[in-house]
There are 2 protein chains.
Amino acid sequence: MGLHSINELREMVEEELLSYLPEEETLSKSVRDAMAYSLTAGGKRLRPVLLLASCEMCGGLLNEAMPFACALEYIHTYSLIHDDLPAMDDDDLRRGKPTNHKVFGEACAILAGDALLNRAYEIMLGAMKGFKSVPAKKKIAAASIIAEAAGNRGMIGGQIADIESESAEEQGLETLQFIHSHKTAALIRAAVMAGAKLGNTPSKSGTKQLEVFGEQLGLAFQICDDILDVAGDEKTLGKPIGSDEKNQKLTYPALLGLEEARAIYGEIHQKAMEALAPFGEKAQVLRGIAEEMYNRVK
Amino acid sequence: MGLHSINELREMVEEELLSYLPEEETLSKSVRDAMAYSLTAGGKRLRPVLLLASCEMCGGLLNEAMPFACALEYIHTYSLIHDDLPAMDDDDLRRGKPTNHKVFGEACAILAGDALLNRAYEIMLGAMKGFKSVPAKKKIAAASIIAEAAGNRGMIGGQIADIESESAEEQGLETLQFIHSHKTAALIRAAVMAGAKLGNTPSKSGTKQLEVFGEQLGLAFQICDDILDVAGDEKTLGKPIGSDEKNQKLTYPALLGLEEARAIYGEIHQKAMEALAPFGEKAQVLRGIAEEMYNRVK
């Protein structure tokens, strides 16, 4: 098939990610350092790898897709930095390392987040002017998919709903689903859809199947996070468990109990895998990503 | 000449600005409200008006330029919200009204800023897919000019240098010039340059002249702010004067004294006006904007 493996794609992302940072300027070095710190703080690169795998499955070129993959990771990273701020979730640790504002201070962390978000668009706009084998029209469409998923109708909308959601008891499943589908799933779905857009976009029904895959994978990812916060291993996770309960966060385990949450997790994973069926062998890498995610312990 | 006046352009911006807000979603209404609050908090619309005037002077179409003008105001507004945060300048008032975080809380203000920045790019990407009388290539170039000016090599780079700058006594003119040219002038220069790009871009020397105009206008704007903070009228300004001195901010009056700062202000204004000379009558609106700014008292 000539498809790259998950590990190959992940290595490519690791190799390229920092090359998209802005050049250093003496007087704003600390922001650049803060950006690099969080970009290299041990993420799994789920979103960029998904984008690349989706693009390659649809017959696209990895070098054309790479700027979009990295831009997506910049957006994801900015959202983590801002979410960890004292005024938001007030977290001291992420992936076993001190959060950005703990190292660089709050002002610099806010600006590093802003800079990562802005840089993501600089990268995508740069790509629109670059290689010509993918027409600008497709790149504009891919960037639009990512931009919408990052905005009010996606990640930011989910984050504010999350912050404003009262304790689990006072809120229902509907709010929880809104939060999950917006805060986390939107960007993961966008990774799959933008990748396909940069390749030879599949038929209407194929596109629909990919959208279902992305949406279910995104939901599964968030439920897994919720479950690990209850039943995970602190050492493996690199952060204390039980923080959702402490913060009275609305989660699947809190709302439905751990067993029911695990059952839903299994169903959602199943739906994601079924959505890939029409793509046959070509979807092996996407399938592998979903399996890897399903079995993750951190 | 058929050029629109400053007031006409300003009214057009006022009419269009909120139309680019995302649709309301019940669960994230507060972020949208917070965005609208700061967008309508009485700004002078300098940047969008400049972009439109520059575009029209270069023979461009206002309806094609409007999304970019509004996107620029969204970026400017996000930067004000984040600059006012407790971790940054910690300001309670802006233009006589409580700052965003005072009304909506810190978490919502951070997210509203993020949302405005992200929305700016959604708007520009949407415009690339829209009307066809200006080719996508020009729109990509205009968005790139704005993105670069908003990022590390522009506004964000200037803001971090500003925050990290020690008291005026310990820092020199070089740092001050870096801060002014990046923090404020970059976005004002980008307004002029992006507007020209969306029209019939002038000759190489014409483009250079416009760049000088934008840069000098941007520097004059910031020096004027500094001077007003020392010698302005609190009631007219809508905020207490003397805050720069209290915060030991690096400013022209602090570094060189008020008289010398005023002299430099006059020289810079003069340079801006001279840069417009080659455009003759066509530059009357840009000239008017520079004059209005030079004489501003708030």
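Reply: One residue and its surroundings

Leaving aside neighbours within four places in sequence, A112(B) is in contact with V31(B), A34(B), M35(B), S38(B), I81(B), N100(B) and F104(B). Contact means that the C-beta atoms of two residues, placed from the backbone, lie within 7 Å.

The model is predicted: local features need pLDDT of at least 70, side-chain atom pairs count only at pLDDT 80 or more, and totals for chains, interfaces and linings use all residues. Residues are numbered from 1 along each chain as its sequence is written, while chains are lettered from A and ligands numbered from 1 in the order in which they are written.

A112(B) also belongs to the largest nonpolar core, which has 194 residues. Six members touch the most other members: F68(A), A112(A), I146(A), F68(B), A112(B) and I146(B). A nonpolar core is a set of buried Ala, Val, Leu, Ile, Met, Phe, Trp, Tyr and Cys residues joined through C-beta atoms within 7 Å. Buried means 20 or more other C-beta atoms within 10 Å of the residue's own; exposed means 12 or fewer, partly exposed is in between, and C-beta atoms are placed from the backbone.

Now the interface. Here 45 residues of chain B are in contact with 45 residues of chain A. On the chain B side, α2 (29–39), α6 (106–129), α7 (136–150), α8 (155–164) and α9 (173–198) each supply at least two residues. Helices (H or I, at least four residues) and strands (E, at least two) are DSSP runs, numbered from the N terminus. The largest share of this side, 15 residues, comes from α6(B). By class, the side has 25 nonpolar, ten polar and ten charged residues. Ala, Val, Leu, Ile, Met, Phe, Trp, Tyr, Cys and Pro count as nonpolar; Asp, Glu, Lys and Arg count as charged; the others, Gly among them, count as polar.

How are the two copies related? Chain B can be laid on chain A with an RMSD of 0.0 Å by a turn of 180° and a shift of 0.0 Å along the axis. The copies are thus related as by a two-fold rotation axis. Superposition is by least squares on the C-alpha atoms of residues with pLDDT of at least 70 in both. Of the interface residues of chain B, 100% are also interface residues in chain A, so the copies meet through the same surface.

Next, a helix of chain B. Helix α14(B) (residues 258–275) has 18 residues and reaches 26 Å from its first C-alpha to its last. That is close to the 26 Å expected at 1.5 Å a residue, the expected span being 1.5 Å times one less than the number of residues. Its buried residues are A261(B), I268(B), H269(B), A272(B) and A275(B). Seen down the axis of α14(B), they fall within an arc of 120°, so they line one face of the helix. The arc is that of the directions from the helix axis to the C-beta atoms. What covers these buried residues includes α10 (204–231), α13 (252–256) and α15 (284–294) of chain B. The face turned away from the buried side of α14(B) carries the exposed residues E259(B), E260(B) and E267(B).

Last, a backbone detail. Most residues other than glycine have a negative phi. D90(B) has a phi near 50°, a positive value in a residue other than glycine. D90(B) lies in the loop between α4 (62–84) and β1 (93–94) of chain B. With 14 other C-beta atoms within 10 Å, D90(B) is partly exposed.
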